[in-house]
Amino acid sequence: MEFSDAVRKRRMVRHFTSEPVAPETVERLLALAQRAPSAGFTQGQSFIVVTREEMKNAIAELCDEQEYVSSGFHSFISEAPVLVIPCTSEAAYHSRYQESDKVDEDGAEIAWPVPYWHMDIGCSVMLLLLAVVDEGLAAAFAGVPAHNFARFRELLGIPSEVTPVGVIPVGHPAQDRLSPSLKRGRKATTDFIHHEGW
């Protein structure tokens, strides 16, 4: 598929068929996600793949899937054959930027004006979402509410220095309900692009 086609076809799909996704397909998707850039080549991104039914159901519950269902959406988290949980490690970046080739002239770690660990996991997630489209599959994204966040971490055994950023259901698309938020439309190009300054 042409890259521009993959970008234009990518959207959040919130309904999947029961057709499984082959493990080798999941491996291809994640191999592409691993190609994302990272500050100092820290590679602080990581992914958890979940396919077991009982674990998917537990994750869906912690993502408050029932709230989506009551709003007219399908049970898109629990029904997806694969759930991918992207994670990032701020600690990995601090460790990397204390190495000799990254410290400043005083031997100190740089000041972080932007938390690049968030940027880097975002890049990995975008590559994953585009790879999903290229494979003829679909994906969505669900956040984990604050009131369930600790239980979510515990369920997946996520180390304290690693932060999960959400859940990406992946599968074969079924007819779904579009998000009502899309009615807002895309912002004007003149508000999105600024040449030579703001």
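**Surface, salt bridges and a helix pair**

Biologist: What does Val-114 count as, given its relative accessibility?

Modeller: Val-114 counts as partly exposed, because its relative accessibility is 37%. Buried means under 20% relative accessible area, exposed means over 50%, and partly exposed lies in between (1.4 Å probe, protein chains only).

Biologist: What kind of model is this?

Modeller: This is a predicted model, in which local features need pLDDT of at least 70 and side-chain atom pairs count only at pLDDT 80 or more, while totals for chains, interfaces and linings use all residues. Residues are numbered from 1 along each chain as its sequence is written, and side-chain values use heavy atoms, leaving out hydrogens and water.

Biologist: Where is Val-114 found?

Modeller: Val-114 sits in the loop between α6 (90-96) and α7 (116-134). Helices (H or I, at least four residues) and strands (E, at least two) are DSSP runs, numbered from the N terminus.

Biologist: Which residues make the nonpolar surface patch?

Modeller: Val-114, Tyr-116 and Met-119 make a nonpolar patch of about 260 Å². Patch residues have over 30% relative accessible area and no salt bridge; like charges are joined within 9 Å and nonpolar side chains (Val, Leu, Ile, Met, Phe, Trp, Tyr) within 5 Å. Accessible areas come from the Shrake-Rupley method with a 1.4 Å probe, and for residues only the protein chains shown count as cover.

Biologist: New topic: how many salt bridges does the structure hold?

Modeller: The structure holds six salt bridges, each being a side-chain nitrogen of Lys or Arg within 4 Å of a carboxyl oxygen of Asp or Glu.

Biologist: Which parts does the pair of Glu-135 and Arg-28 tie together?

Modeller: Their side chains, those of Glu-135 and Arg-28, meet in a salt bridge at 2.7 Å, N to O. Glu-135 lies in the loop between α7 and β3 (138-139) and Arg-28 in helix α2 (residues 23-33), so the pair ties together parts 107 residues apart in sequence.

Biologist: Which residues are joined into one network?

Modeller: Asp-101 and Arg-96 form a salt bridge at 2.7 Å, N to O. Salt bridges that share partners join Arg-96, Glu-99 and Asp-101 into one network.

Biologist: At what angle do the axes of α2 and α7 cross?

Modeller: The axes of α2 and α7 cross at roughly 140 degrees and come within 8 Å. Axes are lines fitted to C-alpha atoms, for helices over the stretch in contact, and angles run from 0 to 180 degrees between N-to-C directions. The two helices, α2 and α7, are therefore oblique to each other: angles under 35 degrees count as roughly parallel, over 145 as roughly antiparallel, 65 to 115 as roughly perpendicular and the rest as oblique.
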